[in-house]
Amino acid sequence: LTVEECKNEAFEIALRIPGWAKKNVQLSVNGEPTGINLKPASFAKISRNWKAGDVITLDMPIETTFIEGHPRIEEVRNQLAIKRGPIVYCVETPDLPENTGILDVYLPSDSTLTATHDDNFLGGITTIQSDVLIRTDNTTNMYADVQQPKWQNHAVQFVPYYSWSNRGTAEMSVFVPIVWK
C-alpha cells in the first residue's frame, strides 16, 4: 500500500492478517520491518506520523496444506481437504482414470502437494498436483468381508473448488479419505 495523501498528525492503519497466514508473514514500512507481532486472524496496527510516499508491504506466503473437518461432522471424519492460502481445492472425475468413481479416491498422508499455475487452463488458475490412491477392488454388495484394499497410484490435479464442473458433467469431492502411512 502506498500512502498518497494523509493528515499531519499521527493515525493508525490496521491490516487484517488472515487466519490462513500462519508462517513467515512479514510487515514493513518503507522497507523496514515494523516489529509488530503478526498473529493469524487478527489485525496488525501501525500508528505513526504518515507522509505521502510511505509504502506499507505485507508479505503473506501462500502455503498448501491439508485441513480436516470437526470430528463431529461425521460425513468428513477421517478425510482431508487441500487448501492453498484461502482457497479450498477439490478432485474431479475428469482428472481420474476412465470409469473411476469419486468415492474410489483416497489420499496418502505422505502426499507431496505441488502448486502449478497454468494460464491456459480454465482462464488461468493454480492447480495442486498430487498422487492419489484409486481403490480398485470395491464391491457392489451392501456389506462385504473386510480385506486389505487393492490400490492403483494415479497422479491428479486438484482444482479450486470455485472452478469445478467447468469441463462438462463431473463428480467432485473436497474431502477425500486419508490413508495414513
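Two strands count as paired if DSSP finds at least two bridges between them, and strands themselves are DSSP runs (E, at least two residues), numbered from the N terminus. The model here is a predicted one, so local features need pLDDT of at least 70 and side-chain atom pairs count only at pLDDT 80 or more, while totals for chains, interfaces and linings use all residues. Residues are numbered from 1 along each chain as its sequence is written, and side-chain values use heavy atoms, with hydrogens and water left out.

Take the open sheet: its 3 strands run in the order β3-β2-β5, with antiparallel pairing. Since β3 (32–33) and β5 (56–59) sit at the edges with a single partner strand each, one side of each has no neighbour in the sheet. Strand β2 (residues 26–29) pairs with β3 over 2 bridges, and Ser28 has Pro33 in β3 as its bridge partner.

Next come the salt bridges (a side-chain nitrogen of Lys or Arg within 4 Å of a carboxyl oxygen of Asp or Glu); the whole structure has 6 of them. One joins Glu63 and Lys23, at 4.0 Å from N to O. Glu63 lies in the loop between β5 and β6 (64–67) and Lys23 in the loop between β1 (11–17) and β2, so this pair ties together parts 40 residues apart in sequence.

Another salt bridge links Arg48 and Asp54, whose closest N and O atoms are 3.5 Å apart. On accessibility (buried is under 20% relative accessible area, exposed over 50%, partly exposed in between, with a 1.4 Å probe and protein chains only), Arg48 is partly exposed at 26%, whereas Asp54 is buried at 1%. Together with Lys51, Arg48 and Asp54 form a salt-bridge network.

Terms used
Helices (H or I, at least four residues) and strands (E, at least two) are DSSP runs, numbered from the N terminus.
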